Amino acid sequence: MKTKSALFAFALLFSVISAVSQHSDSDKILQTFHTISSHEILDYTAELCSEKYKGRLSGSPEYLEVARWCAAKFEEWEIQPANNGSYFQYFTNEFSEVKSLGEVVYSNGNSKTILQFPEDYLPGSNSANGTVAAELVYVGYGITAPELDYDDYAGVDVKGKIIILEPGVPYTKNDPVLAKWTPYAYHRYKFRNAVKHGAAGMIYASKIANPNTVNLDGFIYAHLDTKVVGQIFSDAGKDYNEIQKSLKNKETPSFVLPEKQTISITAETEYFPEARACNVLGLIEGSDPVLKEEVIIIGGHLDGQGQMGDVIFPGALDNASGISDILGAAKALAASEVKPKRSVLFILIGGEECGLYGSKYYCKNPLFPVEKTKMMINLDMVGNGTGFFVSGGKTHANLFKHFEEANNTYIHRAMSASEVRKNYGRPRSDASVFEDAGIKTFSLWTRESVHPVYYHHPMDKTNVLTPEIMEDAARLLYLGVLGVANDIAL
Ligand SMILES: [Zn+2]
């Protein structure tokens with residue numbers, strides 16, 4: 001009896017102790033959780049969007065400077081340099097500096113119109129330097145795909161002309177041959193194909209700043225708003241909407257515009273073919289001697305669209321917001337008294353806007369083996385609105401439940417999830433690069449914004465952000481990642 005009651009007392013004591021320690025663990029976690037503040041997060045955003053970084057164009061000296069600022073934050077919080085003692089992982093990243101807004105002038109034969117920035121046109125991020133003036137040829141998607149029996153250049157001579165070209169490819173999401181069109185979805189392909197056909201210059205019927213193009217010797221181009229393209233078409237007696245419909249039907253509605261219609265494009269740029277950029281990598285080593293070999297990656301792209309002349313593209317939502325949320329969570333995870341058992345790797349990705357350079361480079365040169373990488377969560381445009389959306393949450397439910405529980409228990413935002421979204425055409429996000437490399441990946445977004453979304457536009461400024469959702473995004477990251485890091489059942 002004596003032994004039995006002693007045993008009972010011991011068991012009771014043990015369960016009380018473990019209950020107390022469990023209780024204090026969640027207390028400790030909540031304490032850290034509440035230190036995550038929108039004030040600090042918005043300070044990070046203000047820094048990232050400040051003029052000195054000139055819009056964080058990957059490859060530029062200012063990008064390297066903002067990368068150093070982020071690394072200094074990691075250092076301040078005792079987050080370790082993850083790449084053999086360095087916070088940086090470098091890769092080549094050619095870029096062009098757009099030195100002025102240049103000029104685009106359209107003539108319909110009777111009158112000339114000097115187009116306005118940014119309402120009517122944006123300079124080409126990788127345009128060659130100089131002026132081109134010529135007559136116009138419309139070439140639809142600008143694709144030559146003999147194996148698909150498709151040629152936008154058939155029947156039109158573009159030699160010495162300025163072509164008008166559309167982004168995208170003529171398929172729908174459910175097209176069974178979608179994958180065959182993928183090589184033709186890249187802007188670079190379209191540019192090279194245009195030059196191959198002898199085009200002297202180009203109007204891209206897609207008005208966004210886009211460094212994900214290519215600098216080709218002497219090839220000058222600009223982006224035009226589709227309403228201006230519509231006007232040019234109506235001056236030629238064509239209906240742009242009808243043309244759009246026939247494009248979708250794969251009818252290759254290319255045509256030569258009347259001779260009297262001309263465009264002149266002036267671009268002032270300098271090309272830096274040997275430039276380089278980097279990912280910024282910080283590590284919190286896991287506290288468990290075995291589980292620390294496994295890693296959870298938190299990533300988002302640090303680069304933006306840069307500056308054109310004196311006009312900065314601050315990229316506040318895209319993607320200073322995601323980086324600021326990550327920094328908010330990183331500081332908390334580093335300070336957390338409850339340590340992650342698995343390691344946590346932060347990757348602030350370079351070259352996303354130029355063509356997913358940084359994520360591709362990391363996935364080719366990973367710091368942890370793919371099979372030891374438990375998950376990656378990517379944040380791109382996580383800065384306004386009232387709710388969360390997690391792509392991949394339904395595919396990887398055993399990981400997602402930690403984020404869902406965190407939200408349901410402490411954050412109480414509307415949160416929905418989907419299966420992993422397969423690439424529609426070319427891979428368009430860092431998340432898709434990690435997913436394609438065999439890593440379970442989530443994409444976190446915010447939704448239901450009351451602010452307009454100024455995508456790749458100078459108006460993407462800090463005033464379009466919602467501080468409260470950014471604070472909650474950082475808190476969700478802190479709790480969700482800690483949950484996954486410490487889930488020994490995984
Ligand atoms: Zn982005």
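H301 is buried, and D318 is buried too (buried means under 20% relative accessible area, exposed over 50%, partly exposed in between, with a 1.4 Å probe and protein chains only). This is a predicted model, where local features need pLDDT of at least 70, side-chain atom pairs count only at pLDDT 80 or more, and totals for chains, interfaces and linings use all residues. Residues are numbered from 1 along each chain as its sequence is written, and side-chain values use heavy atoms, with hydrogens and water left out.

So what holds the zinc ion? Its protein donors are H301 (NE2), D318 (OD), D380 (OD) and D380 (OD), 2.0 to 2.7 Å away. Donors here are N, O and S atoms within 2.8 Å of the metal (3.2 Å for Na, K and Ca), and sites may look incomplete because water is not among the atoms. H301 sits in strand 17 (residues 295–301) and D318 in helix 8 (residues 316–335), so this pair, 17 residues apart, links distant parts of the chain. Helices (H or I, at least four residues) and strands (E, at least two) are DSSP runs numbered from the N terminus. Along the chain, the donors follow the spacing H-x16-D-x61-D.

Why is the arrangement called irregular? The four donor atoms subtend angles of 51 to 145° around the zinc ion, which makes it so. To count as tetrahedral, four donors need all angles between 85 and 135 degrees.

Now for the nonpolar cores. Each one is a set of buried Ala, Val, Leu, Ile, Met, Phe, Trp, Tyr and Cys residues joined through side-chain atoms within 4.5 Å.

| Core | Residues in it | Some members |
|---|---|---|
| Largest | 73 residues | F74, I298, L302 and F346 |
| Second, separate | 47 residues | Y106, F117, W181 and A236 |

The four members named for the largest core are those with the most contacts inside it. L302 touches residues including L48, Y63, V280 and I349, leaving aside those up to four places away in sequence; contact means heavy atoms within 4.5 Å.

N210 counts as buried because its relative accessibility is 7%. Among the residues N210 touches are S125, H187 and E353.

Finally, the domain assignment gives domain 1 (35–93 + 275–485) and domain 2 (99–270), with bounds that come from an automatic or database assignment. Their C-alpha centres lie 34 Å apart. The contact takes 20 residues from domain 1 and 22 residues from domain 2.

Methods: Tetrahedral: all angles 85-135°; square planar, octahedral: opposite > 155°, others 65-115°.
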